[in-house]
Amino acid sequence: MKYIVASCLLSLTIPAAAHHGRDFLMVQDYSVPAPFTGIVYSNFELASHDGPDEWSIEPGIMTGLGAGFAFGAAARFSDEGEGWEYASVSPQIQYQLTPQTSAIPVKFALVAGYQFARGSNEEEAHADPVFCGPEYGPDSPPCDAVVPREHGHSHSHTGIHQHSTDAFFARLVMEMDLTPSDKIVANLIHVTPDGASAAWGYAIGLRHSFSHAFAIGMEAVGDFNTHGYQEAALACYLSPSHHFTVKL
């Protein structure tokens with residue numbers, strides 16, 4: 001599977017030299033917008049599979065509420081070979097567990113939300129039928145040897161990689177400045193799909209800033225299950241002004 005990923009972040013206000021968050025592509029950082037200011041952003045992704053390519057776009061918004069809180073929501077639209085469709089909407093809240101003024105070198109934050117997916121039960125009802133067992137004749141395979149196929153999809157979304165299922169999600173964010181130009185952020189990811197068992201995963205990112213306008217980084221995200229979803233990326237972060245960032 002090959003990925004070409006790009007995202008864009010646009011700040012709506014003028015928070016002086018403050019950080020507004022969303023410094024990485026796949027990793028969630030500690031910072032939140034200043035109270036009563038906000039950011040809008042849009043993530044674009046193209047994934048090349050053995051079957052049809054998957055295109056997706058995810059616009060979102062986040063606003064600062066004060067006292068370390070921020071509220072946001074993101075919607076997802078995707079095309080998995082059958083045309084563009086609305087996929088989900090995900091309201092979420094972020095809280096800075098460690099005050100910004102704390103002298104502790106590692107800062108912690110918590111992100112939690114719920115994904116409301118379009119037709120998650122409908123997709124399950126339209127799954128391709130499985131014919132197995134002795135009632136279908138002596139040549140039919142045993143049911144424990146048959147894996148149901150997803151209808152209309154060339155791949156499955158499982159573990160923390162859930163796009164078509166109602167699910168609660170949360171991230172414990174840990175961030176530390178290694179130097180004035182280097183930052184490392186790690187996320188412990190939890191996802192509980194509706195009616196299914198919980199999944200756990202990780203995200204980690206290292207970012208080096210050459211200046212306010214240009215930075216590069218390495219990021220990785222995946223399931224703790226070694227046979228699950230794993231992704232790694234080299235990233236470039238461009239900020240021609242404090243109010244606009246492009247991440248590739």
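Colleague: How many aromatic pairs does a search of the whole structure find?

Modeller: Rings of Phe, Tyr and Trp (its six-membered ring) pair if their centres lie within 6.5 Å; planes under 30 degrees apart are stacked, over 60 edge-to-face, the rest tilted. Here the search finds seven pairs. One of them is Phe24 with Tyr237, edge-to-face, at 6.1 Å centre to centre and 75 degrees between planes. This is a predicted model: local features need pLDDT of at least 70, side-chain atom pairs count only at pLDDT 80 or more, and totals for chains, interfaces and linings use all residues. Residues are numbered from 1 along each chain as its sequence is written, and side-chain values use heavy atoms, without hydrogens and water.

Colleague: Which parts does the pair of Phe24 and Tyr237 tie together?

Modeller: Strands are DSSP runs of E, at least two residues, numbered from the N terminus. Phe24 lies in the loop between β1 (2–11) and β2 (38–48), and Tyr237 in strand β11 (residues 230–241), so the pair ties together parts 213 residues apart in sequence.

Colleague: Are Phe24 and Tyr237 buried or exposed?

Modeller: Buried means under 20% relative accessible area, exposed over 50%, partly exposed in between (1.4 Å probe, protein chains only). Phe24 is buried at 2%. Tyr237 is buried at 1%.

Colleague: What is the geometry of Tyr114 and Phe116?

Modeller: Their ring centres are 4.8 Å apart and their planes at 55 degrees, so the pair is tilted. Tyr114 is partly exposed at 27%. Phe116 is partly exposed at 43%.

Definitions and conventions:
Helix = DSSP H or I, 4+ residues; strand = E, 2+ residues; numbered from the N terminus.
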